[in-house]
Amino acid sequence: MQSSRMQPLVAMKAIRKLIADPEQTEQVFVILKALSGNSLYKSFLKFRETETGKAILADRRELLHTLQDRDRLREYAPGSLGRAYLHFVESEQITADGLVEASQRDEVFDDEDLMLFGNRMRDQHDLWHVITGYGRDTFGEACLLGFTYAQSRNPGIAFIATVGAFKIAKEVGPGVKKAVWRAYRAGKRAAWLPAQDWEALLAMPLEEVREQLKIEPPLVYREVFDNYAIAMQ
């Protein structure tokens, strides 16, 4: 078994650094690593028992390579998940490589399959933004983390989502907490996203993907976000 103990002292040190300088986004990954325990390994065990998981592991398929190929993404039909993802990363001026650089994953796994799964979980993040409708603003990230916790049962993610919700609520209002909670509930109701064949889903219409994966529209997030934006004008 791939053992990974909680490291609360490491997490607290990273939290202090992040509070002192919110631009140190790499500290988020330090916190996640320190508080995640064996959640990744448990998800991996579930993943490798699925038919899609078995195929991905057998093919040694790296999702990052697919997401890096923008010319191929541009060939998908308008309205497809692939084109929606391309529009998202281009409008946000981000790349699939950005998550790799930010995470600076330095775990040494004794199982190559586990490493492949860990990389795939990392690389899915922006796809989850697209299908859930949560933006890359801090409020949207907190909501997506709530959704992600329901999918991964990673205590590090739960911690960051909760702290983020309370902090953002001080500025935006109590609706933030409701939105993050609703995102968590939506994550519980949705299909298990880590085991999806994203390479195949990219060719499908985005709305069909959402329906197939039982993704609820982020109504509370949008309402709170829009009301706050209007109030700040």
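Q: How many helices and strands are in the chain?
A: There are 16 helices and zero strands. Helices here are DSSP runs of H or I with at least four residues, strands are E runs of at least two, and numbering goes from the N terminus. This is a predicted model, where local features need pLDDT of at least 70, side-chain atom pairs count only at pLDDT 80 or more, and totals for chains, interfaces and linings use all residues. Residues are numbered from 1 along each chain as its sequence is written, and side-chain values use heavy atoms, with hydrogens and water left out.

Q: OK, what share of the chain is buried residues?
A: Buried residues are 45% of the 233 in the chain. Buried means under 20% relative accessible area, exposed means over 50%, and partly exposed is in between, using a 1.4 Å probe and protein chains only.

Q: And which residues touch the most other members of the largest nonpolar core?
A: Leu81, Leu127, Ile131, Phe147 and Trp198 do, in a core of 40 residues. A nonpolar core is a set of buried Ala, Val, Leu, Ile, Met, Phe, Trp, Tyr and Cys residues joined through side-chain atoms within 4.5 Å. There's also a second, separate core of 11 residues, with Phe44, Ile56, Leu116 and Ala195 among them.

Q: What is Leu127 in contact with?
A: Skipping neighbours within four places in sequence, Leu127 contacts Leu63, Leu67, Leu81, Tyr85, Trp198 and Leu202. Contact means heavy atoms within 4.5 Å.

Q: Switching to His129: is that buried or exposed?
A: His129 counts as buried because its relative accessibility is 1%. His129 lies in helix α10, residues 125–132. Apart from neighbours within four places in sequence, His129 is in contact with Phe88, Tyr134, Gly135, Arg136, Glu141 and Leu144.

Q: Now α13. Which residues are buried there?
A: In α13 the buried ones are Val176, Ala179, Val180, Ala183, Tyr184, Ala186 and Gly187. They sit on the same side of α13, because they cover an arc of only 160 degrees around the axis. That arc is the one made by the directions from the helix axis to the C-beta atoms.

Q: What covers them, and what's on the face turned away?
A: The cover includes α11 (138–152), α12 (155–172) and α16 (219–231). The face turned away from the buried side carries the exposed residues Lys178 and Lys188.

Q: Where is Ala190, and is it buried or exposed?
A: Ala190 lies in the loop between α13 (175–189) and α14 (198–201). Ala190 is buried, as its relative accessible area is 11%.

Q: What does Ala190 touch?
A: Not counting residues up to four places away in sequence, Ala190 touches Phe147, Gln151, Leu213, Lys214 and Ile215. Ala190 and Glu216 are 26 residues apart in sequence, with their C-alpha atoms 7.8 Å apart in space.

Q: You mentioned Lys214. What's its phi?
A: Phi of Lys214 is near 60 degrees, a positive value in a residue other than glycine. Most residues other than glycine have a negative phi. Lys214 is in the loop between α15 (206–212) and α16, and at 55% relative accessibility Lys214 counts as exposed.

Q: And what about the phi of Arg153?
A: Phi of Arg153 is near 55 degrees, a positive value too. Arg153 is in the loop between α11 and α12, and is partly exposed, with a relative accessible area of 44%.
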